[in-house]
Amino acid sequence: PVKVTKICCIGAGYVGGPTCAVIALKCPHITVTIVDLNQARIDAWNSADFALPIYEPGLVEVVKQARGRNLFFSTDVDKGIKEADLIFVSVNTPTKKSGVGAGFAADLNYVELATRRIAAVAHSSKIVVEKSTVPCRTAESMRTILEANSRPGCRFDILSNPEFLAEGTAISDLFSPDRVLIGSLQTQEGKDACGSLSDVYANWVPKERILTVGLWSSELSKLAANAMLAQRISSVNALSAICEATGANIDEVAHAVGFDSRIGPKFLRASVGFGGSCFQKDILNLVYLSESLHLPQVAAYWRQVVEMNEYQKSRFSKTVVDTLFNTITGKQIAVLGFAFKADTGDTRESPAISLVRDFLSERAYVTIYDPQVEETQIWLDLAEACPTVPLELIKKQVTIVKSAIEACKNKEAIVIATEWKEFREIDWHTVYTHMNKPAFVFDGRMLVDADALRQIGFKVKVIGRGERV
Ligand code: NAI
C-alpha cells in the first residue's frame, strides 16, 4: 500500500472540517489541507481568533494545535488536489429539490463536480475517498468519471469511508469511534488502497475497530445505520403519543424497554422529533433507492419513519394550541432553542423551524433564543419555511433575543425545542414572576423537572406524559 503523506479534503463543512482536523492532530507526519469553494467558510477556519464556521465542543482546541503545523485551510481546490496522495470528498449531498427523484433522491451534483475537478487537475495517481453520504453504487459513477478523464499513468482508486460522527459530540466520536468503515473493490489494488487509508486511522484507532468491507456494503451501511437510528426515535415517539393518551410515561416505558439487552438503553428518548441534515435525507435516499430497485414494500416501510417524525412535530404544535384554550392568535410564545440538537449551531431540518412556522401560521408572536445559532441563520430558515410570507412580515411576528430569561418575559407560554443544558439551569422562579398567567411550559425535550415547575405555579406539558396540566 502507498504510504499517505499528503491528504486533501474537499469540503470544509460539519464533516470535512472536524474529521480532517482530527486526522491532522493525530497524524503529525501527514500534511492535511482542507479546501472549499466558500471563501467565507475558509476565512473563518483561518481566523486569527479561531471564530470557526461551526460550533462543536473541543473543535477549537484541535484546530489550535494543528493549524499552521500540518493542517491548512484554503480555497485553492486545484492545488490541494494536485499535491495530495489521498483525497476525501466531503461535500454536501442534500435532497434533490427538482427533477427526477425530487424530494427523495440525493443531489449528487456537488460530488460529481468535485470528482470532475479531481480528474481535470490530477497529474499523479490518487486514492479518492467518498466521505459524503451517498446512495449505493455512487463510487461506480465516480470511478467512471475519473477513468474517462484521467491522464495516462494516473491511477484512481476509489474507497468508501462514510462518517459516523454525530454533531455535538463530533470530536469525542472522532477520537474514539465505535468503528471506522472502509469499503473498497475486492481487487488487489482496491485492497491496497484500503490498507493505505487503514494505516492513517491506525495512528489512533484500534485495529479491531477498523472494518473493511466491499464498496457497496460500505455505502449502504451508512444509510442503514442512519435509518435504524431514526427508526428508534420514531418508534419511541410513536409510543409517546400512546403515553399521552393513556397516562403512561414514556420515560418509564423507554427505561423498561431499554433494559432488555437486545434493545439497549441508548437513543430511546422521546422528543418533538428528530432533525439534522442527515436522518431525513438519508432515509428518503433509501426510500428512493428501494423504489428504483422495484421494492415498493421496503420503500413504504422506511418512509413511515419520516412520516412519524412529521406527525410528532405537528402533534406537538397542536398540543400547544389545544392547551392554550384552542387559540394562540395574538399570544406571546417563547421558543427556547433553535438548533436541531444541543451543542451545535446547526439548524438544518430543526424541529424548531416547523414549530415556529406553525405558530406563525396561527398568528402568534414568537420570541426565539438559542445559545449558538446566529440570528441571520434563523431569518434564513424562517424565510425558507414560510416561502409565501415576506420576511418583513415574519419580522413583525418574530423577535430574536440574547438570553432565555429575556425570551420568557411577559409571555404566555414557553416551548422548549432544543435540549441545551443551560435551559435546565434557568431560574424558573424569576421566569414565573415575569410571565402572564396562567404560565405554560411545553417541554419538547423532557428537560425540565415538571413537578418542581408545577410547585412554582407553572402549567407544564412534557412530551410523552399523560398528566393533565
Ligand atoms: P456542509 O454543507 O457543512 O459542507 C460541505 C461543504 O462542501 C460546503 O462548505 C461546500 O461549500 C463544499 N463544497 C461543495 N462542493 C464543493 C466543490 N466542488 N469543491 C469544493 N468545496 C465544495 O455538509 P456536511 O454536513 O459537512 O456534510 C457533508 C457530507 O457528509 C454529506 O454527504 C452528509 O450527508 C455527510 N455526513 C454529515 C454528517 C453531519 O453530521 N453533518 C455526519 C455524517 C455524514
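These legends walk through several close-up views of one predicted model. Residues are numbered from 1 along each chain as its sequence is written. Because the model is predicted, local features need pLDDT of at least 70 and side-chain atom pairs count only at pLDDT 80 or more, while totals for chains, interfaces and linings use all residues.

**View A. The shell around the ligand.** Here you can look at the 27 residues around the ligand, of which Gly11, Gly13, Val15, Ser132 and Thr133 come nearest; a residue counts as near if its C-beta atom, placed from the backbone, lies within 6 Å. Helix α5 (residues 109–121) gives the largest share of this shell, 3 residues. Helices (H or I, at least four residues) and strands (E, at least two) are DSSP runs, numbered from the N terminus. By class, the shell holds 13 nonpolar, 10 polar and 4 charged residues. Ala, Val, Leu, Ile, Met, Phe, Trp, Tyr, Cys and Pro count as nonpolar, Asp, Glu, Lys and Arg as charged, and the others, Gly among them, as polar.

View B. An automatic or database assignment sets the domain bounds, with domain 1 at 6–205 and domain 2 at 216–469. Their C-alpha centres lie 32 Å apart. The contact takes 26 residues from domain 1 and 24 residues from domain 2, counting residues whose C-beta atoms, placed from the backbone, lie within 7 Å. On the domain 1 side, α6 (138–149) and β7 (180–184) each supply at least two residues, and β7 gives the most, with 3 residues. That side divides into 16 nonpolar, 7 polar and 3 charged residues.

**View C. Helix α9 against helix α11.** Helix α9 (residues 215–246) packs on helix α11 (residues 279–292) at an angle of about 115 degrees, the axes being 9 Å apart. Axes are lines fitted to C-alpha atoms over the stretch in contact, and angles run from 0 to 180 degrees between N-to-C directions. Leu223, Asn226, Ala227 and Ala230 of α9 meet Phe279, Asp282, Ile283, Asn285 and Leu286 of α11. The residues of this contact are 6 nonpolar, 2 polar and 1 charged.

**View D. Two loops with backbone features to look for.** A cis peptide bond links Lys437 to Pro438, with omega about -5 degrees. Pro438 sits in the loop between α18 (428–433) and β13 (440–443). Asp343 is not a glycine, yet has a positive phi of about 65 degrees; Asp343 lies in the loop between β9 (332–336) and α13 (351–361).

Technical notes. Two residues are in contact if their C-beta atoms, placed from the backbone, lie within 7 Å.
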